[in-house]
Amino acid sequence: MASLFMGCCKFLLVLTFFSSLHFFTILSVEFDVGGDKGWVVPSSKNDQLYNEWASKNRFKVNDSLHFEYKKDSVLVVTDEEYDKCRSSHPMFFSNNGDTIFKLDGPGLFYFISGVAGHCERGLKMIIKVLEPESPPQSSNQTTDSSQNSGATDMAENIYSPTSIMLLIMSFFGALFV
């Protein structure tokens, strides 16, 4: 009887743990530049291919870009160098065919191909990285705390790192009981 009770408790704890995983947010995303085609010279009909691809995505700080290509390169350059399609001193250079570039701050990032003529044919891209979201104002920073319904305090406690750690610790503790 006790083992049946413990088995049910473990099952409920595991079920609770996995159903609470939606509380965790994705911290970063890796984007495959150009989708299935990768980093290749666009057809002459579409020299804005990569800027169109970039405009369909939302980039945040700590996301990364995955460039796949053959016999080419990826350069991060200034806006002036982007317009000229050349750079003698890029901020970043890679030509290994499988490049990952981490977006380490907000703002605009300018990418071009380092192979002569490829940038002019459209192998270039501008990425806009969004400013990090500012955390919501804490209820203890408001001037009149009587206006709070208590829901804000409860939500802050549910999503706090301490409560998440307690949930994880209780999960593993129940497994070994």
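1. Helices (H or I, at least four residues) and strands (E, at least two) are taken here as DSSP runs, numbered from the N terminus. With that convention, C119 falls in the loop between β7 and β8, and the chain as a whole comes to 5 helices and 8 strands, which follow one another along the sequence as α-β-α-β-β-β-α-β-β-β-β-α-α.

2. On provenance, this is a predicted model, in which local features need pLDDT of at least 70 and side-chain atom pairs count only at pLDDT 80 or more, while totals for chains, interfaces and linings use all residues. Residues are numbered from 1 along each chain as its sequence is written, and side-chain values use heavy atoms, with hydrogens and water left out.

3. The count of disulfides, a disulfide being a pair of cysteine sulfur atoms within 2.5 Å, comes to 1. It is formed by C85 and C119, whose sulfur atoms are 2.1 Å apart, and it links distant parts of the chain, with C85 in the loop between α3 (79-84) and β5 (92-94) and C119 in the loop between β7 (107-112) and β8 (124-130). The two cysteines are 34 residues apart in sequence and 5.6 Å apart in space, C-alpha to C-alpha. Because the torsion about the S-S bond of C85 and C119 is about -65°, the disulfide is left-handed.

4. C85 counts as buried at 12% relative accessibility, and C119 is buried with a relative accessible area of 1%. Contact meaning heavy atoms within 4.5 Å, C119 touches Y82, C85, I112, S113 and K124 when residues up to four places away in sequence are not counted.

5. R86, also in the loop between α3 and β5, is by contrast exposed, with a relative accessible area of 57%. Leaving aside neighbours within four places in sequence, R86 is in contact with E81 and I112; R86 and A116 are 30 residues apart in sequence and 8.5 Å apart in space, C-alpha to C-alpha.

6. As to the interior, a nonpolar core is a set of buried Ala, Val, Leu, Ile, Met, Phe, Trp, Tyr and Cys residues joined through side-chain atoms within 4.5 Å. The largest such core has 20 residues, and those with the most contacts inside it are W39, L65, F67, F111, M125 and I127; α2 (49-55), β3 (64-68), β4 (74-77), β7 and β8 each supply at least two of its residues. Apart from it lies another core, of 7 residues, among them Y82, C85, Y110 and I112. M125, once its neighbours within four places in sequence are left aside, is in contact with residues including V33, W39, Y50, W53, L65, F67, Y82 and F111.

7. Rings of Phe, Tyr and Trp (its six-membered ring) pair if their centres lie within 6.5 Å, planes under 30 degrees apart counting as stacked, over 60 as edge-to-face and the rest as tilted; the whole structure holds 9 aromatic pairs. Y82 and Y110 form a tilted pair, 5.5 Å centre to centre with 55° between the planes, which joins helix α3 to strand β7 across 28 residues, and both Y82 and Y110 are buried. In the pair of F92 and F101 the centres are 5.0 Å apart and the planes stand at 65°, so this pair is edge-to-face; F92 is partly exposed at 23% relative accessible area, whereas F101 is buried at 11%. W39, Y50, F67, F92, F101, F109 and F111 form one aromatic cluster.

8. A charge sits over a ring if NZ of Lys or CZ of Arg is within 6 Å of the ring centre and within 35 degrees of the ring normal, and the charged end of K124 sits in this way over the ring of Y82, 4.8 Å from its centre. K124 is also the bridge partner, in β8, of I112.

9. Two strands pair if DSSP finds at least two bridges between them. The antiparallel strands β7 and β8 are joined by 6 bridges, and β4 and β7, likewise antiparallel, by 3 bridges, with V76 standing opposite F111 in β7.

10. For the chain overall, buried residues make up 29% of the 177 residues, and among contacts between residues at least 6 apart in sequence, 69% join residues at least 24 apart.

How values were computed. Buried means under 20% relative accessible area, exposed over 50%, partly exposed in between (1.4 Å probe, protein chains only).
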